[in-house]
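Subject: Structure handover

Hi,

Here is the structure for your files. Please look it over first; my notes follow below.

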Amino acid sequence: MNSDDDLLILEQILAGNKDLFRLLVKRYESAVYGMGIGFFRNAEDASDFTQEVFLKIFRSLQRFEGRSRFSTWLYKIAYNTALNSIRRKNEYRSLAEDDMVPDTDTPERVMLRKVIREAVLESISDLPERFRVCVDLFFFYDRSYQEIEMITGYPVNTVKSHVFRAKKLLRDKLGALMEGGIE
């Protein structure tokens with residue numbers, strides 16, 4: 001299924017075949033749930049978030065104008081829903097905080113990876129929120145600069161600048177840690 005398929009399904013849903021919405025849910029549910037895990041850090045909140053996002057999507061389908069891919073529009077709604085919820089709770093944690101590497105290595109490599117990961121996480125957590133969000137969407141959600149612009153509302157040059165500045169800040173901080181030794 002591609003974005004043209006999404007548009008055909010949307011047309012049919014808007015024409016009255018509401019049952020087809022389940023196809024869009026099936027296609028995007030894991031991505032929205034993954035975003036929920038990234039923001040909320042637990043399955044229950046991520047599941048509630050996913051349901052809330054798809055309810056908003058369903059209620060807003062007639063407002064989709066087709067100026068972007070359906071997936072970009074969906075991610076923007078999901079992102080804004082997550083941000084609003086996080087702002088209410090006043091906490092945002094980067095998706096980079098997930099430990100995606102299994103501990104199947106030697107104890108020394110596991111410990112080294114843990115120390116490095118903690119240094120990276122600390123460095124990412126020190127970034128301004130607008131930088132962390134752009135870095136997450138770019139590196140961990142594999143969104144283009146244009147998609148991040150549509151999702152966050154930041155102009156594309158601002159998105160590029162945020163990613164560039166975040167990388168420089170991370171490089172400087174992690175470089176200083178490596179030169180001084182990780183504590």
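Of the contacts in the protein chain between residues at least 6 apart in sequence, 63% join residues at least 24 apart. Contact here means heavy atoms within 4.5 Å.

This is a predicted model: local features need pLDDT of at least 70, side-chain atom pairs count only at pLDDT 80 or more, and totals for chains, interfaces and linings use all residues. Residues are numbered from 1 along each chain as its sequence is written, and side-chain values use heavy atoms, with hydrogens and water left out.

Overall layout

The protein chain has eight helices and zero strands. Its pattern along the sequence is α-α-α-α-α-α-α-α. Helices (H or I, at least four residues) and strands (E, at least two) are DSSP runs, numbered from the N terminus. The chain has 183 residues, and 38% of them count as buried. Buried means under 20% relative accessible area, exposed over 50%, and partly exposed in between (1.4 Å probe, protein chains only).

Helix packing

Helix 2 and helix 3 pack at about 135°, and their axes are 8 Å apart. Axes are lines fitted to C-alpha atoms, for helices over the stretch in contact; angles run from 0 to 180 degrees between N-to-C directions. The angle makes helix 2 oblique to helix 3. On this scale, under 35 degrees is roughly parallel, over 145 roughly antiparallel, 65 to 115 roughly perpendicular, and the rest oblique. The crossing of helix 2 and helix 3 is right-handed. That term applies if the near helix is turned clockwise from the far one by less than a right angle; anticlockwise is left-handed. Helix 2 makes the contact through residues including Phe21, Tyr28 and Phe40, and helix 3 through residues including Phe49, Val53 and Ile57. By class, this contact of helix 2 with helix 3 has 16 nonpolar, three polar and two charged residues. Ala, Val, Leu, Ile, Met, Phe, Trp, Tyr, Cys and Pro count as nonpolar, Asp, Glu, Lys and Arg as charged, and the others, Gly among them, as polar.

Helix 6 (residues 129-140) and helix 7 (residues 145-152) have axes that come within 10 Å and cross at roughly 130°. That makes helix 6 oblique to helix 7. This crossing of helix 6 and helix 7 is right-handed. Val133, Cys134, Leu137 and Phe138 of helix 6 meet Tyr145, Ile148, Ile151 and Thr152 of helix 7. The class count for helix 6 with helix 7 is seven nonpolar, one polar and no charged residues.

Cores

The largest nonpolar core has 36 residues, and Ile57 and Phe70 have the most contacts inside it. A nonpolar core is a set of buried Ala, Val, Leu, Ile, Met, Phe, Trp, Tyr and Cys residues joined through side-chain atoms within 4.5 Å. Helix 4 gives the most to this core, with ten residues. Not counting residues up to four places away in sequence, Ile57 touches Phe21, Phe70, Trp73, Leu74 and Ile77. A second, separate core of six residues includes Ile124, Phe131, Ala166 and Leu170.

Two residues to look at

Ala82 lies in helix 4. It counts as buried, at 0% relative accessibility. Beyond its neighbours within four places in sequence, Ala82 contacts Phe39, Phe40 and Phe49. Ala82 and Val53 are 29 residues apart along the chain, with C-alpha atoms separated by 8.9 Å.

Asn157 lies in helix 8. Asn157 is exposed, with a relative accessible area of 56%.

Best wishes
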